[in-house]
Amino acid sequence: MKTILFILTAVFAVCTVSAQARVYQSAMTDLEITDPAANRDLEGFFWYPTEAVGPLTLDFESKVWVGTPVIKDADPVPGRFPLVVLSHGMFGNAFNQAWLAGALAKKGYIVAAISHPGTSTWSRDPDQRRQLWERPRDISRLIDYTISSSGLSEHVDPDRIFMAGHSLGGFTAVALAGGRYDAAKLKQFCDATPGELACGILNDWKIAQTPADRTQMEADLSDTRIKAFAVFDLGGTQSFSNASLRRVDRPMLVFGAPIMNSGLTLDIESRTLVDALPPEKTTYIEPATLAHFDFLGRCKAGGLELLAREEPADQIICENGGAPRAAKHKMIIDAVVEFFSQP
């Protein structure tokens with residue numbers, strides 16, 4: 001395997017000083033991008049560095065999830081900062097990686113996250129799901145808005161734009177890096193490997209099942225403004241053409257989760273991805289105790305029991321979701337900051 005492997009206790013044990021060494025407070029504000037023509041409005045949040053000291057509040061309230069302290073609508077720090085755009089997983093939302101967003105803001109990053117229409121917690125329209133090619137375009141629209149017409153435009157360094165995505169968000173990131181959907185390759189794989197999670201989902205969502213949809217899905221959806229990517233335990237690797245993955249020319253940090261409690265198979269997802277990517281551009285981290293849902297927020301005490309009572313199918317997302325997950329979050333934050341800080 002053409003990768004670099006780390007275990008949880010050894011990842012970036014000695015941290016180097018990054019360009020974002022100064023510690024700020026994390027501010028947060030809403031964002032909304034309207035799309036009257038295509039009826040695909042985007043909603044989400046910005047996290048950004050501020051020198052304000054209060055009032056501190058939580059980015060969101062939940063009976064299950066631990067919120068991140070922020071200062072709402074505070075003045076940003078003068079100057080320009082790198083931008084990180086986030087893409088959540090299947091039926092997730094813009095809060096899923098708030099723990100990462102808040103930490104990055106404290107280290108001098110502007111972070112933008114939106115809830116993808118059709119594949120988010122509150123938006124599950126089947127027709128929008130079928131148009132899966134819109135997910136990468138959502139991120140490109142988010143970048144357009146952030147650097148040109150948002151209240152933070154003058155604070156973004158357009159030469160330092162990065163992306164992180166979890167699960168289906170990792171799939172979205174690979175498409176934006178230059179991975180090209182290959183419907184014929186995916187069909188061949190799924191015919192030979194029935195029962196794989198990604199095959200069932202993409203088939204149920206009717207992805208690329210008409211000539212017009214196939215043309216849209218197989219188009220070049222890359223965005224060259226994004227300089228590097230962090231991919232968190234993605235799904236759908238087998239849908240990308242091998243040739244397009246070999247041509248990816250930007251740095252990729254790939255996390256694989258060997259605790260396979262999500263239905264994804266590591267050997268055909270993250271490990272296959274890193275084997276296909278150019279080795280000189282790829283860093284692979286596979287901590288022995290990392291699980292797919294560790295990229296979600298930290299769960300409150302009693303969160304697992306609450307889900308077991310009220311949403312038993314979802315209780316798995318809070319397994320080991322307290323202190324063990326907090327330690328993994330710190331490791332992931334350190335790794336992402338170190339990776340995005342490389343010249």
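I counted the aromatic pairs first, and the structure holds twelve of them. I keep in mind that this is a predicted model.

**Entry: Phe171 and Phe240.** I looked up this pair among the twelve. The ring centres of Phe171 and Phe240 are 5.0 Å apart. Their planes meet at 35°, so I logged the pair as tilted. Next I checked where the two residues lie. Phe171 is in helix H4 (residues 168-177). Phe240 is in the loop between strand E8 (226-232) and helix H8 (242-246). The pair therefore ties together parts that are 69 residues apart in sequence. Are the two residues buried or exposed? Phe171 is buried, and so is Phe240.

**Entry: Phe232 and Phe255.** I took another pair. The rings of Phe232 and Phe255 have their centres 5.8 Å apart. The angle between their planes is 70°; edge-to-face needs over 60 degrees, so this pair is edge-to-face. Phe232 belongs to strand E8, and Phe255 to strand E9 (residues 252-255). The two are 23 residues apart, and the pair links distant parts of the chain. I then looked up burial, for which the cut-off is under 20% relative accessible area. Phe232 has 1% relative accessibility, so I count Phe232 as buried. Phe255 has 0%, so Phe255 counts as buried too.

**Entry: cluster and charge.** Which residues form one aromatic cluster? I found Phe45, Trp47, Phe60 and Phe95. I also looked for a charge over a ring. The charged end of Arg124 sits over the ring of Phe91, at 4.2 Å from the ring centre.

**Entry: Ser62.** I moved on to a loop. Ser62 is found between strand E3 (57-58) and strand E4 (69-72). Its relative accessible area is 17%, so Ser62 is buried. What does the side chain of Ser62 reach? I noted the backbone nitrogen of Val64 at 3.0 Å. I also noted the backbone nitrogen of Trp65, at 3.0 Å.

**Entry: helix H11.** Last, I checked a helix. H11 covers residues 323-340 and has 18 residues. From its first C-alpha to its last I read 26 Å. That is close to the 26 Å expected at 1.5 Å a residue. How many residues of H11 are buried? I have 13 of its 18, and I noted H11 as mostly covered.

Technical notes
Residues numbered from 1 in each chain as written. Predicted model: local features only at pLDDT ≥ 70, side-chain atom pairs only at ≥ 80, totals over all residues. Heavy atoms only, no water. Helix = DSSP H or I, 4+ residues; strand = E, 2+ residues; numbered from the N terminus. Expected span 1.5 Å × (residues − 1). Buried < 20%, exposed > 50% of the residue type's maximum accessible area, 1.4 Å probe, protein only. Polar contact = N/O pair within 3.5 Å; in protein donor to acceptor, adjacent residues only side chain to side chain. Phe/Tyr/Trp six-rings, centres within 6.5 Å; stacked < 30°, edge-to-face > 60°. Lys NZ or Arg CZ within 6 Å of the ring centre and 35° of its normal.
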